[in-house]
Amino acid sequence: PAAVSGNGGATIEHAYIQLGGFTLGYSDSLYETLTDSAGALVIQDSIVGYTPGKANFVAYTFDAGNGFSATLGLEAGHDDNYVDSYVPHVVVGAGFTQGWGSIAAVGAYDSNYEEFTGKVRLDVNATEQLSLWVMAGYGTGDDNAFSGGHDFYKLWDGDWAVWGGGSYQFNEKTSFNLQVSYDDGETLGIAANVAHELVPGFTITAEVDYQDWDANAYHPVGGDAFGGMIRFQRDF
């Protein structure tokens, strides 16, 4: 299945089938999910891009049962980055999870641009209240998300990018969440929020975001900007 959209139409965000270790369908790219996104507890987590978004894919995941898993996937991309031949994009990843935290790595090959991109992420449960994480990415392509056509998987400016942050749980209902990101093009992103569960299943999140960028070939004028948002979320 694929996303369907148009004037007054609908959009399918996720549509997939899982049989044993096999998954096929349309959802978030494996390049995002195999490293558990980035700073998922902040709202604006992609000031420095880390995910290509949705993709049609087929994948097989091997779960060893001891915290280790490995995945091989073939993706078709979407929109301007849909495969332009019979050769699919290829994503491989592995992860290891224990009580102390987890480590995960993912690599992707864009068959259109013939470029490689990869990320490694480390999560640590420092205390019962504090969790920390850091992730680094590197890509071989000179193009990027600001240059029109670009590698499907390298969404940052320059060769490399880093993301990091954490979450502190003040009590059962209230937490503070932070993400800081920076790339080779000298783009800095900071997102911080406080999330409070007012009643079971209903959370209010207030967030402040900051971005600073230098002038380059794709941003003729450098600058910085602040933003803020509040989200009311009901979970069922």
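User: Why is W156 counted as buried?
Analyst: The relative accessibility of W156 is 0%, and a residue is called buried under 20% relative accessible area, exposed over 50% and partly exposed in between, with a 1.4 Å probe and protein chains only, so W156 counts as buried. This is a predicted model, in which local features need pLDDT of at least 70 and side-chain atom pairs count only at pLDDT 80 or more, while totals for chains, interfaces and linings use all residues. Residues are numbered from 1 along each chain as its sequence is written, and side-chain values use heavy atoms, with hydrogens and water left out.

User: How many aromatic pairs does the structure hold, and what makes the pair of W156 and W163 edge-to-face?
Analyst: There are 9 aromatic pairs in the structure. For W156 and W163, the ring centres are 5.6 Å apart and the planes stand at 75°. Rings of Phe, Tyr and Trp (its six-membered ring) pair if their centres lie within 6.5 Å, and planes under 30 degrees apart count as stacked, over 60 as edge-to-face and the rest as tilted, so these two tryptophans form an edge-to-face pair. W163 is itself buried, because its relative accessible area is 1%.

User: What makes the pair of Y210 and F226 tilted?
Analyst: The centres of Y210 and F226 are 4.7 Å apart, and the angle between their planes is 45°, which places the pair in the tilted class. This pair links distant parts of the chain, as Y210 belongs to strand β12 (residues 202-213) and F226 to strand β13 (residues 223-234), 16 residues apart. Strands are DSSP runs of E with at least two residues, and helices are runs of H or I with at least four, numbered from the N terminus.

User: Is Y210 buried or exposed, and is F226 buried or exposed?
Analyst: Y210 has a relative accessible area of 17%, so Y210 is buried, whereas F226 has 68%, so F226 is exposed.

User: How do you know that K119 lies over the face of Y31?
Analyst: A charge sits over a ring if NZ of Lys or CZ of Arg is within 6 Å of the ring centre and within 35 degrees of the ring normal. K119 is placed over the face of Y31 at 4.1 Å from the ring centre. The charged end of R234 likewise sits over the ring of F236, at 4.7 Å from its centre.

User: Which residues have the most contacts inside the largest nonpolar core?
Analyst: They are Y31, V91, M135, Y153, W156 and W163, in a core of 18 residues. A nonpolar core is a set of buried Ala, Val, Leu, Ile, Met, Phe, Trp, Tyr and Cys residues joined through side-chain atoms within 4.5 Å. At least two core residues come from each of α1 (30-33), β3 (54-63), β6 (101-110), β8 (130-139) and β9 (160-169), and β3 gives the largest share, with 3 residues.

User: Why is strand β1 said to lie largely in the open?
Analyst: Strand β1 covers residues 15-19, and of its 5 residues the number buried is 0, so the strand lies largely in the open. It runs antiparallel to strand β2 (residues 22-28) and is joined to β2 by 5 bridges, where two strands pair if DSSP finds at least two bridges between them. One of the bridge partners is G25 in β2, facing Y16. The two strands form a hairpin with 2 residues between them, and G20 in the turn has a positive phi of about 65°.

User: What is the phi of E114, and where is E114 found?
Analyst: The phi of E114 is near 55°, a positive value in a residue other than glycine. Most residues other than glycine have a negative phi. E114 is found in the loop between β6 and β7 (115-125), and counts as exposed because its relative accessibility is 56%.

User: Why is E186 called partly exposed?
Analyst: The relative accessible area of E186 is 38%, so E186 is partly exposed. It lies in the loop between β10 and β11 (188-199), and it too has a positive phi, of about 65°, although it is not a glycine.
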